[in-house]
Amino acid sequence: SLLASTWATQRQVGTLVLSEWRQSCDRDVNPPVPQVVHDALTAVLAEGAETPLFYSELDPALQKIREEAGIVISMFHSASMDKAQMVSIGSLASLSPETALHLAHDLCPMWVTSLQARTPLNATWTDQLETRRKRIMSTVGFFRLSQQNIHTSVLASVAEALVSTCVLPAKLNP
């Protein structure tokens, strides 16, 4: 079903088709919307009420976050960072934006301090690290903003489709 897709655009297309169908029906002969469709629309609103969902449109940004985090970790390995001091962040393949932000914002400065206590760091290396840290933080910010905007668009199109059915749920706003 389009409404259950991981792609926001497919969810929106599903709601637009329903809305257009309802608008094209004769006002005097409004065929009822099947209960299963009404329930699916209501479920989409409920599932995203608390937290924005992950949509497949966000994959490129997530991959960029993971790529940059991998480079930062490699930089610390190449600088002979003691692996016992490095906190495990798990697999890069499943790295979340929140974990990447924690790496860039909290762990990197701590690891740099640890390295500097043992040996002077190359200025070029620290500049490159700082560039990567900033890139991770800005990409995570872009990811979160995009996720919120996409999610709001999906919820708005679902709400519009529900309104077009003329049978409103007990709670329409998330």
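User: Which residues have the most contacts inside the largest nonpolar core?

Analyst: The model is predicted. Its largest nonpolar core has 25 residues, and those with the most contacts inside it are Val72, Phe76, Leu103, Trp125, Leu129 and Ile136. The elements that give two or more residues to this core are α3 (59-78), α4 (97-118) and α5 (123-164).

User: And what is Leu103 in contact with, leaving aside its neighbours within four places in sequence?

Analyst: Beyond those neighbours, Leu103 contacts Ala69, Val72, Ile73, Ile89, Cys108 and Trp111.

User: Which residues are in the other core?

Analyst: Another core, of 14 residues, lies apart from the largest one, and Leu3, Leu45, Leu53 and Ala161 are among its members.

User: Turning to α2, how far apart are its end C-alpha atoms?

Analyst: They are 18 Å apart. Helix α2 covers residues 35-47, and its 13 residues, at 1.5 Å a residue, should span 18 Å, so the two values agree.

User: Which residues of α2 are buried?

Analyst: His38, Leu41, Val44 and Leu45 are buried in α2. Seen down the helix axis, the buried residues of α2 fall within an arc of 120°, so they line one face.

User: What covers them?

Analyst: The cover over the buried residues of α2 includes α1 (8-24) and α5.

User: And which exposed residues does the face turned away carry?

Analyst: On the face of α2 turned away from its buried side are the exposed residues Gln35, Val36 and Ala46.

User: Now Arg11: buried or exposed?

Analyst: Arg11, which is found in helix α1, has a relative accessible area of 7% and therefore counts as buried, the cut-off being under 20%.

User: What does Arg11 touch?

Analyst: Not counting residues up to four places away in sequence, Arg11 touches Leu2, Leu3, Ala4, Ser5, Val44, Glu47, Leu53, Tyr55 and Val154. With Leu3, the side chain of Arg11 reaches the backbone oxygen at 3.4 Å. With Glu47, Arg11 forms a salt bridge in which the closest N and O atoms are 2.7 Å apart.

User: Which salt bridges does Lys64 make with Glu67 and Glu68?

Analyst: The side chain of Lys64 meets that of Glu67 at 3.7 Å, N to O, and that of Glu68 at 3.1 Å. Lys64 and Glu67 are three residues apart in helix α3, and are therefore separated by about one helical turn. Lys64 and Glu68 also both lie in α3, four residues apart, about one turn of the helix. In general, an α-helix has 3.6 residues a turn, so residues three or four places apart point the same way.

User: Which residues are joined into one network?

Analyst: Salt bridges that share partners join Lys64, Glu67, Glu68, Arg132 and Arg135 into one network.

How values were computed
Residues numbered from 1 in each chain as written. Predicted model: local features only at pLDDT ≥ 70, side-chain atom pairs only at ≥ 80, totals over all residues. Heavy atoms only, no water. Core = buried A, V, L, I, M, F, W, Y, C linked by side-chain atoms within 4.5 Å. Buried < 20%, exposed > 50% of the residue type's maximum accessible area, 1.4 Å probe, protein only. Contact = heavy atoms within 4.5 Å. Expected span 1.5 Å × (residues − 1). Arc of directions from axis to C-beta. Polar contact = N/O pair within 3.5 Å; in protein donor to acceptor, adjacent residues only side chain to side chain. Salt bridge = Lys/Arg side-chain N within 4 Å of Asp/Glu carboxyl O.
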